[in-house]
Amino acid sequence: MRIDVITIFPEYLAPLELSLIGKARKDGLVDLRLHNLRDYTHDRHHTVDDTPVGGGAGMVMKPEPWAEAFADVLASGEKESDGALTSPLVIFPNPAGEPFTQRAAEQRSEEPWLIFACGRYEGIDERVYEYLGDQGVRVALSSLGDYVLNGGEVAVLAMTEAIVRLVPGVLGNPESIVEESHTSGLLEYPLYTKPASWTSPDGVQRDVPEVLLSGHHARIDEWRRERSLERTAERRPDLLEGRALPGEAGSR
Ligand code: 6GU
């Protein structure tokens, strides 16, 4: 999978060298390239923003550097892959975008080529989206959640991690994906390790639930599913809306 990131703060994305994603890059599973938007400006101050037409607070990113950056990145992908990379998906992290969910991460992990375009300031000139669309480029606006960040960079870190860990070969134990929160549409059940009986520093003896020590796998699965449902009802009732209740037709 190839991932390009266009940003005015490539240093913000330094953590992508580390840990799981760093390893995936070294192993050749992900070809991740950072591009500085300021390299596509031609004035002495490398200007990427200007005041909003029509008035208003803050600054807006100018269209010209974006058009040049996309031309360069799109051409390099087409050239270097000998035609293997055809249609990239361009993702603009944006609080006004569609929510980025586990499902979106799954879908995007199957794309051969993603381009993240990080806006800053109040946003990017609308004509950039329009232009890309007219060129036949697939464009998505994607939001991490209902709060505002200063720019797309932190969102790219989060989205890239969620996507790349789903690329085959990246995780050591692919089964751990099947079990985790959100994959099933429910929150994950509580986890325990040894010792089975632990006395915490406040002097309270805290035991692992008995059923987990029973070796009875069907009972353990049932207990975990109940705990998942309980937790989801408590913390994220919105995830249960539209699901059949236990005992109703269509539920197991
Ligand atoms: Cl993707 N970008 C920005 N700038 N702010 C956000 C966001 C994205 N998701 C939530 N807040």
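Here are a few friendly questions and answers on the sheet and the annotated domain of this predicted model.

Residues are numbered from 1 along each chain as its sequence is written. Because the model is predicted, local features need pLDDT of at least 70 and side-chain atom pairs count only at pLDDT 80 or more, while totals for chains, interfaces and linings use all residues.

Me: In what order do the five strands of the open sheet stand?
Reply: Strands here are DSSP runs (E, at least two residues; helices are H or I, at least four), numbered from the N terminus. Two strands pair if DSSP finds at least two bridges between them. The pairing in this open sheet is parallel, and the order is β2-β1-β6-β5-β8.

Me: Which strands are the edge strands?
Reply: Look for strands that pair on one side only. These are β2 (31-36) and β8 (138-143).

Me: What is the hand of the crossover from β1 to β2?
Reply: Strand β1 (residues 2-7) runs parallel to β2, joined by six bridges, and T7 has N36 as its bridge partner in β2. The chain crosses between them through helix α1 (residues 19-26). With the strands pointing away from the viewer, a clockwise path from the first strand over the helix to the second is called right-handed. This β-α-β crossover is right-handed.

Me: How far apart are the end C-alpha atoms over residues 1-241?
Reply: An unreviewed UniProt entry annotates residues 1-241 as "domain: tRNA methyltransferase TRMD/TRM10-type"; such annotations may be inferred rather than shown by experiment. Over residues 1-241 the chain is 32% helix and 19% strand. The end C-alpha atoms are apart by 35 Å.
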